[in-house]
Amino acid sequence: MSVQSSGADGPTGATAPPGSDRSLAPSERTRVRRLPERARYDRDTIDEIIDTALVGHLGWVLDGQPFVTPTAIWRQGDRLYWHGSRASRMLRAVDGADVCMTITHLDGLVLARSGFNHSVNYRSVMVLGTAHLVTDPGEVDVALEAFIEHVYPGRWTQLRPMTERERKQTSVLWMDIGEVSGKMRDDVGHDDPDDETWPVWAGVIPVRMTHGEPQPDAALVEGVPEPRLQPPGGASA
């Protein structure tokens, strides 16, 4: 399977797709070199991929050891946010450090007539930048409200207000969405011409992340409506 990242493994020369006023010029670190025709540098596409994601993977280094940590993410304007326990080693280590956040949606399994030509359809984003700890309590509240509303629209105002103890136990960090690139594959198979008569099924099997049936809490008050949820992965509601 071939899911190429925005890494440096081939000739340069990718350019931002025309027609977008919000296109970002890629840096040498974010320029897509492998299959550059799949690159996306326009902010509309990049924001859509981020906004339909629930989880990103944060790359960071501690004492020379690389780590990649999955974490819930959300976007506010030109900033990408994540949060966690104030006791988290990762959150304490990355404040002021260079980090890399990657986000991927798997959209389809691409079956070919040879193992080599199997692939996947996907949408991905890579963001490079510096992590910043949010220190203002009011800004923490605004960021956490945006997180809840990102996943559960309309729910923040229904919840018990956050306590000072909870606020002190929670860290929120952000990075600029500036040095960034996206990459997408949304296509059918790509068999070699001589393989097309080989008698095995070929095509695309769509993959979607969906919500299951809600399972109510045992103490739920009778008559309370089910929550409204953001469709995951950009799927239809």
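Predicted model: local features only at pLDDT ≥ 70, side-chain atom pairs only at ≥ 80, totals over all residues.
Two residues are in contact here when heavy atoms lie within 4.5 Å. Residues are numbered from 1 along each chain as its sequence is written, and side-chain values use heavy atoms, with hydrogens and water left out.

**The whole chain**

Start with a cartoon view. The protein chain has four helices and ten strands; these are DSSP runs numbered from the N terminus, with helices being H or I of at least four residues and strands being E of at least two. Along the sequence they follow the pattern β-α-β-β-β-α-β-β-β-α-α-β-β-β. Of the 237 residues, 36% count as buried. Buried means under 20% relative accessible area, exposed means over 50%, and partly exposed is in between (1.4 Å probe, protein chains only). Among contacts in the chain with a separation of 6 or more, residues 24 or more positions apart account for 71%.

**First stop: helix α1**

Select residues 43-51, which make up helix α1. Which residues of α1 are buried? They are R43, T45, I46, D47, I49 and I50. Now show what surrounds them: the buried residues of α1 pack against β1 (39-40), β3 (65-76), β4 (79-85), β5 (98-111), β6 (119-130) and β9 (179-185).

**Next: strand β5 and its partners**

Select β5 and look along its neighbours. Two strands pair if DSSP finds at least two bridges between them. Strand β2 (residues 55-62) pairs with β5 in the antiparallel sense over three bridges, and G59 stands opposite C100 there. With β6, β5 runs antiparallel and is joined by twelve bridges; find I103 opposite V125. The pairing of β5 with β10 is antiparallel too, over four bridges, with L111 opposite G203.

**Zoom in on N121**

Stay with strand β6 and pick N121. Is N121 buried or exposed? N121 is buried, at 5% relative accessibility. Its side chain makes a polar contact with the side chain of R185 at 2.7 Å, and also reaches the backbone oxygen of D187 at 3.0 Å. A polar contact is a pair of N or O atoms within 3.5 Å; within protein, one must be able to donate a hydrogen and the other to accept it, and residues adjacent in sequence count only if both atoms are side-chain atoms. Leaving out residues up to four places away in sequence, N121 touches several others, including H105, D107, V110 and V204.

**The nonpolar cores**

In soluble globular proteins, nonpolar side chains tend to be buried together. A nonpolar core is a set of buried Ala, Val, Leu, Ile, Met, Phe, Trp, Tyr and Cys residues joined through side-chain atoms within 4.5 Å. Select I50, L58, I73, L80, W82, V94 and V99, which touch the most other members of the largest core, a set of 23 residues. At least two residues of this core come from each of α1, β2, β4, α2 (89-94), β5, β6, β8 (170-176) and β9. Centre the view on V94: apart from its neighbours within four places in sequence, V94 is in contact with L58, W60, W82, V99, A131 and L173. A second, separate core has eleven residues, among them W74, V134, V140 and A143.

**Rings and charges**

Rings of Phe, Tyr and Trp (its six-membered ring) pair if their centres lie within 6.5 Å; planes under 30 degrees apart count as stacked, over 60 as edge-to-face and the rest as tilted. By this rule there are three aromatic pairs. Select W60 and F67, a stacked pair at 4.8 Å centre to centre, with 25° between the planes. W60 is buried, at 4% relative accessible area, while F67 is partly exposed at 24%. Then select W74 and Y81, stacked at 5.7 Å centre to centre with 15° between the planes. W74 is buried at 0%, and Y81 is buried at 4%.

A charge sits over a ring if NZ of Lys or CZ of Arg is within 6 Å of the ring centre and within 35 degrees of the ring normal. Show R89, whose charged end is over the ring of F67, 4.7 Å from its centre. R79 lies over the face of W174, at 3.6 Å from the ring centre.

**Last stop: G234**

Finish in the segment after β10 (203-206), where G234 is found. G234 is partly exposed, at 43% relative accessibility. Select A53 as well: G234 and A53 are 181 residues apart in sequence and 7.8 Å apart in space, C-alpha to C-alpha.
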